[in-house]
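Colleague: I have a model open and want to learn how to read it. Please take me through the main features.

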Amino acid sequence: MRNAARTTTVPATFRQSGAPVTPPAAPDPLETTLRSAFDQGEPVDADVTPTVESTPAELYALWQGMTIGETAATPLPKLLTLLGVRLEEVDPGDLSRGIAARFYGRIGDAEIMVSRTLPQADREPIVRSFLSCIGPDLKAMTERDPHAPVFREARVKIECHEWCTENHDEAVHVDDIQHTSAEAHLELPQPGRLSVPVLHSYISLEPYSRDAAKRVPHLVVTDENEYFHPSLPESLGFADSLVAFADNVRTMAHRAAQQPGSSTPPATPVAEPGHFPWCDTDACITTHYDERDGGGSYIEHVGQTYNMPLPDGMEAEHGQVLNFRLGANEAFVDDRPQVSFLSHGEGVLLDEDGADLAIANLEAALSALRAMRTQMVQGKQA
């Protein structure tokens, strides 16, 4: 079993904004030309680039040569135009949690993304703080939301499930702690090429999620465009639908392979009146009431039966490892179909929820048996 408990660090996000301003450089022809083009007309859109061609190093030299007063007095749109920075307001979901703005790029070619929910009074100071750090080298910077909660560094103990494949060694936001299992893939094979992924699924657990359903182990089923988080009973129903789909595909493949005039598979039997589609009507038992009790009859419906064979050398009472039988008895108050589930002792009748739980337990047992079978061929360590 993997580690039962580990610790991780949840980091705080703090940033010191601003940068020293160097003394103005001596005027040169490039500076005079840029200033002339820059100071003409009204403020322009932020995504318009300067018309004067220059290298990032030359733009940076001009930027560093501006005095504090000149920088403060210059409207922000003109600064963005001069420095080649595009400004975009985005939805909060386009930025990481707790982040109000992001900068990426270098002088002459950069982008700033600002959350449109950030108050107007906070937007310009944050953008100007990014510009104060801009340079000829590529940079990536973020600024946290000044109104968001401040998360300090903390160490938390993580109880990890045996199926989890995460290492939990890296520091993350506490809300981002997640346990995930290995993935099961449904792929469409292509001869001579890579298979096309159709669906994949995995177990997930987010212990600090705001969604209570995600704070317990559950399945995630996704085609990479949509993500579904079914409950365990819903997951079993989904698995059943996949089995039925596979049976239909198999039937269609066999039918497609038939030559004209060949026999077709028999049609699905139609249920007899008073019986379920799954009934073995020859085995169903009809009991008639005595006329002294008002007369009438009821049926004990009998469906599919499965008796798991004993492995060679194993003995069990009644020769049973596991035995299932689907049935329904009209003599009972609750005459809905139930599964008779028994081994060599006393059995039990399972309703839908009970059958779902038994299926989950059997699947877990089968997974454990498969794992043991794999381990049987593993040799000793030297």
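The talk below goes from the whole chain to a sheet and a core.

Modeller: This is a predicted model, where local features need pLDDT of at least 70, side-chain atom pairs count only at pLDDT 80 or more, and totals for chains, interfaces and linings use all residues. Residues are numbered from 1 along each chain as its sequence is written, and side-chain values use heavy atoms, with hydrogens and water left out.

Colleague: How many helices and strands are in the protein chain?

Modeller: Helices (H or I, at least four residues) and strands (E, at least two) are DSSP runs, numbered from the N terminus. The protein chain has seven helices and 16 strands.

Colleague: What is the strand order in the open sheet of four strands?

Modeller: Two strands pair if DSSP finds at least two bridges between them. Here the order is 2-4-3-5, with mixed pairing. Strand 2 (85-90) and strand 5 (139-144) are the edges; each has a single partner strand, so one side of each lacks a neighbour in the sheet. Strand 3 and strand 5 pair in the antiparallel sense over six bridges. Tyr104 has Ala140 of strand 5 as its bridge partner.

Colleague: Which residues touch the most other members of the largest nonpolar core?

Modeller: In soluble globular proteins, nonpolar side chains tend to be buried together. A nonpolar core is a set of buried (under 20% relative accessible area, 1.4 Å probe, protein chains only) Ala, Val, Leu, Ile, Met, Phe, Trp, Tyr and Cys residues joined through side-chain atoms within 4.5 Å. Of its 25 residues, Trp63, Leu83, Val85, Ile112, Leu131 and Ile134 touch the most other members. Helix 4 gives the most to this core, with five residues.

Note on methods: Buried < 20%, exposed > 50% of the residue type's maximum accessible area, 1.4 Å probe, protein only.
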